[in-house]
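Dear colleague,

Please find below the structure that I am handing over to you. My notes on what was found in it follow directly after.

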Amino acid sequence: MSSKFATVSLQCPWCLEAVEIFIDADAEAGQWMEDCPVCCHPMNLEAQPDGSGGWQVTAERAH
Ligand SMILES: [Zn+2]
């Protein structure tokens with residue numbers, strides 16, 4: 001893990017736009033909620049280390 005923050009690109013599960021999300025690289029893998037910057041719908045995000053210093057983030061629709 002190098003820098004403090006990482007940017008990950010993912011696809012919004014609501015509007016299907018490609019969005020960029022900042023995550024704290026020092027944080028443990030986990031889940032959190034964030035509004036899509038495009039359509040403002042809530043997304044449940046889950047981050048897991050990808051084994052090479054980056055993050056694998058999946059997004060699901062939050063209710
Ligand atoms: Zn969206």
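**Findings**

C40 lies in the loop that joins β3 (30–35) to β4 (42–49); strands (E, at least two residues) and helices (H or I, at least four residues) are DSSP runs, numbered from the N terminus. The model is a predicted one, in which local features need pLDDT of at least 70, side-chain atom pairs count only at pLDDT 80 or more, and totals for chains, interfaces and linings use all residues. Residues are numbered from 1 along each chain as its sequence is written.

Although C40 is not a glycine, its phi is positive, at about 70 degrees. Most residues other than glycine have a negative phi. C40 counts as exposed because it has 9 C-beta neighbours inside 10 Å. For this classification, a residue is buried if 20 or more other C-beta atoms lie within 10 Å of its own, exposed if 12 or fewer do, and partly exposed in between, with C-beta atoms placed from the backbone.

The loop between β1 and β2 also holds a residue of this kind, L16. The phi of L16 is near 65 degrees, a positive value in a residue other than glycine. With 10 other C-beta atoms within 10 Å, L16 is exposed.

W14 is found in the loop between β1 (5–11) and β2 (18–24). W14 has 16 C-beta neighbours inside 10 Å and therefore counts as partly exposed. Leaving aside residues up to four places away in sequence, W14 touches C36, C39, H41 and R61; a contact requires the C-beta atoms of two residues, placed from the backbone, to lie within 7 Å. W14 and H41 are 27 residues apart along the chain, and their C-alpha atoms are separated by 6.9 Å.

As for the chain as a whole, the protein chain has zero helices and five strands, and its elements run β-β-β-β-β from the N terminus on. Of its 63 residues, 6% count as buried. Among contacts in the protein chain with a separation of 6 or more, 32% come from residues 24 or more positions apart.

β4 and β5 (residues 55–61) pair in the antiparallel sense over seven bridges, where pairing requires that DSSP finds at least two bridges between two strands. A47 stands opposite V57 in β5. The hairpin of β4 and β5 has five residues between the strands, and G51 in this hairpin takes a positive phi near 90 degrees.

Yours sincerely
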